[in-house]
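Visitor: I have a chain to look over before a group meeting. Could you take me through it?

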Amino acid sequence: MLETVNLHAGYGKEEILHGASLECPSGKITTLVGANGCGKSTLLKTVLGMLPVTGGEIIADGVSIQNLSPSESAKKIAYVAQGKNIPDITVGRMVLHGRFPYLSYPRRYGKADYEAAQNAMEKMGISHLSDRLMSELSGGMRQKVYIAMALCQQADIILMDEPTTYLDIGQQLKLADSVRQLAVSGKTVLLVLHDILLALKISDRIAVMENGIISQTGTPDEILASDILRKIYGVGVKTLETPDGTEYYYERGL
C-alpha cells in the first residue's frame, strides 16, 4: 500500500502540492487524473524522492520512506516514466537495470539478478526479445520492457506516468491488460493518465487532483456520479452496458 499524508512539495520556492493526501491499496489500480499543471507528475516525483518533501509524509507498506536510503526506497517503489529516450542496448540489459538497487560495489550482476530479469521478461511475454535492441521495438513492446524492468526491481509498488503515451489504441489495450495483471498479482499500481475514458475502464479507484490537492477519490462509478469530471474538463461522460462490460464515451455537442 502507498499513502501520502498532507504532502507538501514543489520546485524551489514554488509549492505545487498543498497537502495532497492519497491512499493506494495493494492489489488495486489507482489512477490520478486532473487538468494540466494540477500537480500529478509532481506527486509522483515527490514519492520517488526526485523532489524534496517540505511537509507531510509518504508511507510505503507501513514505512515512512523519508527514513529510507535511496536504494532502500527503490526496493519498495519502481517507476515507469513518460517519454523515455531509447537506449542503444538490448532488451535483456535494459531489464537488468532494475537490479541496480541490489548491487554493491563493484556493480556486477549475479545469478539472482539474471534470474529476476528472466522471470520479469517471462511475465511480460518478452523473453524471446532478450537479444533484440530497444531501438528495433515498437512503442508498445518498449513499454513492456520498461514494465519488466520495474518488475525486475521486485518492488511491491509501481508508479507509471502516462504509460500509454505514443501508443495506438491496440497497444493501449494490451498495456492495460498488463497493468491489470500487475494488480491481480498483488502489486500496488498508481497511474497518471490523461485519457479519462481509459482511466474509467481500467481503474479500481480514481483520485482527482485539483490545484495541488486530492479533491475527490472513489470508484469509477462514484466519480462519474459526482460529475466532477465535467467540472474539471468541461465535458460529460456517459456509460453504455455491452456484452463485454461497461464502455464509456463523451457526451456529444460539448
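Guide: Exposed means over 50% relative accessible area, buried means under 20%, and partly exposed lies in between, with a 1.4 Å probe and protein chains only as cover. The model is a predicted one, in which local features need pLDDT of at least 70 and side-chain atom pairs count only at pLDDT 80 or more, while totals for chains, interfaces and linings use all residues. Residues are numbered from 1 along each chain as its sequence is written, and side-chain values use heavy atoms, with hydrogens and water left out.

Visitor: Where is Asp-131 found?

Guide: Asp-131 is in the loop between H4 and helix H5 (139-152). Helices (H or I, at least four residues) and strands (E, at least two) are DSSP runs, numbered from the N terminus.

Visitor: And how far apart are Asp-131 and Val-91 in space?

Guide: Their C-alpha atoms are 6.1 Å apart, although 40 residues separate Asp-131 and Val-91 in sequence.

Visitor: Let us take Arg-99. Is it buried or exposed?

Guide: Arg-99 is buried, because its relative accessibility is 5%. Arg-99 sits in the loop between helix H3 (91-96) and helix H4 (111-123).

Visitor: Which residues does Arg-99 touch?

Guide: Leaving aside residues up to four places away in sequence, Arg-99 touches Tyr-109, Asp-113, Ala-116, Cys-152 and Gln-154. A contact means heavy atoms within 4.5 Å.

Visitor: Now the whole chain. How many helices and strands are there?

Guide: The protein chain has nine helices and twelve strands. Its C-alpha atoms fill a box of roughly 55 × 45 × 30 Å along the principal axes.

Visitor: To the sheets, then. In what order do the strands of the open sheet run?

Guide: The order is S2-S1-S4-S5, four strands with antiparallel pairing. At the edges are strand S2 (14-24) and strand S5 (63-64), each of which pairs on one side only. Two strands pair if DSSP finds at least two bridges between them.

Visitor: How many bridges join S1 and S4?

Guide: S1 and strand S4 (residues 53-60) pair over six bridges, in the antiparallel sense. Leu-2 stands opposite Ala-60 in S4. Strand S1 (residues 2-11) also holds Asn-6, whose phi is near 50°, a positive value in a residue other than glycine.

Visitor: Where does Asp-227 lie, and what is its phi?

Guide: Asp-227 lies in the loop between helix H8 (220-226) and helix H9 (228-233). Its phi is positive, about 65°, although Asp-227 is not a glycine.

Visitor: What about the hairpin of S9 and S10?

Guide: Two residues lie between the strands of that hairpin, and Asn-211 there takes a positive phi near 50°. Strand S9 (residues 205-210) and strand S10 (residues 213-218) are antiparallel and pair over five bridges, with Ile-206 opposite Gly-218 in S10.

Visitor: And S11 with S12?

Guide: Strand S11 (residues 237-242) pairs with strand S12 (residues 245-250) over six bridges, again in the antiparallel sense. A hairpin through two residues joins S11 to S12, and Glu-241 stands opposite Thr-246 in S12.

Visitor: Last, helix H1. How many of its residues are buried?

Guide: Six of the eight residues in helix H1 (residues 40-47) are buried, including Leu-43, Leu-44 and Val-47. Just after H1, Gly-49 takes a positive phi of about 85°.
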